Amino acid sequence: MTFFMNPEVALGTKLLEVIYIVMGLVTLYTGIKNINDKENPSRIGTGIFWCSLGIVLAFGRWIPKIINGILIIIMTIPSILNKVKIGKQDNPTQEESKAAFNKIGMKIFIPALTIGIFAIIFAIFTNLGALVGIGVGIIVSIALLMVYSSENKFNVFLKDSERLLSTVGPLSMLPMLLASLGAIFTAAGVGNVIASLVGNIVPQGNVNAGIVVYAIGMMLFTMIMGNAFAAITVMTVGIGGPFVLAYGADPVLIGMIGLTAGYCGTLCTPMAANFNIVPVAMLDMKDRMGVIKNQVVPALIMIVFQIIYMIALK
Amino acid sequence: MDLIKLLGILIVVIGFALKKDSILIILCAAIVTALVGGLGITGLLEILGESFVSNRSMAIFILIMLVTGTLERNGLKEAAANLIGKVKGASPGKVIGAYGVMRGIFAAFNVSFGGVAGFVRPIIMPMATGAIEASGKEVNEDYLEEIKGMSSGMENIAWFFCQVLFVGGGGGLLVQSTLASLGYNVELIDLVKVEIPVGIIAVIVAIVYYNLKDKKLNKKYYGSQREEEKA
């Protein structure tokens, strides 16, 4: 409570903490719902995962960091053992969503776009931050949906978020885990080692050469791993930092375009199965590489464009 | 040489390439790197706990899910189908292009309509094949295969390069935290601004490419037929 009363803490920071608490409570709800769900084939494992994640999300700020670390290790166990499962779910039927569309119509786009609009407004016109804007946008969006239809009770929103969260499953913790891996790489000095290795090939101080290696490295690394998020931490710590940013290039430009340079790799690899292989099956295509073949040309154009963009604006 | 410190990266690359469990790979890489890097178990747990908590913003999608599922329940997909259905009398290339524009714009607001299974298959494919049939031609099987590939390509390209325009999206948050670990503090909105030209160019490139390709395919499969009609 002292945190929320402390006048030295910015309002945006306090509101963000409220957002984390709500997020944690939604996650805790997912855990408790599944512990009590007789249709879930793995009630204990599912419950442990979501409840420990919920505790770290909601109350992590007040928990000693080593305890947070232990809780994170605990939540990985059921997920690695494949014990986080989906329970009973109430998916909307086609009749239900068609009936709702007939009633609400195209107005449904308003609450759909609200969140993004509030994120932009808050980022530009307040000092509370984009994420607080997302939080406010969600409240407005929920309110609009409640006005549109009396069937949209608070419970419906909670149950629907549990349904989506359970579908995503343990991968929900992946972004935070990847970021933590980046922090561990940095702390262990991995970046320095890569930098000294690449330094043998790329002349130190040639920022343009550094950008080319960084962008193509992102693309190739992403193709191997199938995941640009996994590649960006390694590449930015190892190459982007020491070979490009260290010489005064704009971190906003290099860091962000580096990620989308990686996306060019995602378009070209069967490793990104969700995007490139699953659709082949869903559309009954004959050629397993049929989606990738249609993405190679745009991907190559985009990598060239992004390299030029980075060199021009650095 | 400190080459042993790269063991963690090797684990990540090999692990993902062999399609092992993502969480297992990252955990192994984290533990191995912490040990060979001299951080020890306590150091590992502390950095893990600290970094995870300071990166909770990346879980903002959990909050957004409070409305995503209910929007779907309230007919969002049907509304999107209605919107794209306004494109009439077009070629498959134009249908795919129109979908690219729509998907790009909505991606910037983090709104998706159900992916390949939920939207491309039930809505875009019938519209594209309908466009061929409307001009009195039969749908060639190889042409259909290419249309499927192009639709999925449009779906991916518009989403990848435009979803980074959503302020508070996962990509920007990860870049922000990666840069912070190197000592550079950047704002989410600035990360979005720098991507605006990239997002627009990506959608344009895809639309132009697929339309040129569609024209070529159309000529390949129906071109001779048209000449016969003329004769």
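In this predicted model, the C-alpha centres of domain 1 and domain 2 of chain B are 36 Å apart. Domain 1 of chain B covers residues 3-54, and domain 2 of chain B covers 59-230.

Helix α10 of chain B spans residues 188-230. K193(B) sits in this helix. How far is the C-alpha atom of K193(B) from that of M127(B)? The separation is 34 Å, for two residues 66 positions apart along the chain. K193(B) has 15 C-beta neighbours inside 10 Å, so it counts as partly exposed.

**Chain A overall**

Chain A holds 17 helices and 0 strands. Its C-alpha atoms fill a box of roughly 65 × 60 × 45 Å along the principal axes. Chain A has 314 residues, and 51% of them are buried. Take the contacts in chain A with a separation of 6 or more: 66% of these join residues 24 or more positions apart.

Chain A is split into three assigned parts: domain 1 (2-80), domain 2 (94-152) and domain 3 (189-313). Between the C-alpha centres of domain 1 and domain 3 of chain A lie 33 Å.

**The contact between the chains**

Chain A brings 123 residues to the contact, and chain B brings 104 residues. Which helix gives the most to the side of chain A that touches chain B? That is helix α9 of chain A, residues 174-188, with 15 residues. By class, this side of chain A has 83 nonpolar, 31 polar and 9 charged residues.

**A helix pair in chain A**

Helix α11 (residues 207-225) and helix α12 (residues 228-244) of chain A pack against each other. Their axes are 9 Å apart, at an angle of about 165°. Angles over 145 degrees count as roughly antiparallel, so α11(A) and α12(A) are roughly antiparallel to each other. The crossing of α11(A) past α12(A) is right-handed.

Both helices supply residues to this contact. From α11(A) come V207(A), G210(A), I211(A), V213(A), Y214(A), G217(A), M218(A), F221(A), T222(A) and M225(A). From α12(A) come A228(A), A230(A), A231(A), I232(A), V234(A), M235(A), I239(A), G240(A), F243(A) and V244(A). The contact of α11(A) with α12(A) has 16 nonpolar residues, 4 polar and no charged ones. Among the residues taking part are the glycines G210(A), G217(A) and G240(A).

Notes. Residues numbered from 1 in each chain as written. Chains lettered and ligands numbered in written order. Predicted model: local features only at pLDDT ≥ 70, side-chain atom pairs only at ≥ 80, totals over all residues. Contact = placed C-beta atoms within 7 Å. Helix = DSSP H or I, 4+ residues; strand = E, 2+ residues; numbered from the N terminus. Nonpolar A, V, L, I, M, F, W, Y, C, P; charged D, E, K, R; others polar. Axes fitted to C-alpha atoms, helices over the stretch in contact; angles between N-to-C directions. Parallel < 35°, antiparallel > 145°, perpendicular 65-115°, else oblique. Left-handed = near helix turned anticlockwise from the far one by under 90°. Domains from an automatic or database assignment. Buried ≥ 20, exposed ≤ 12 C-beta atoms within 10 Å, placed from the backbone.
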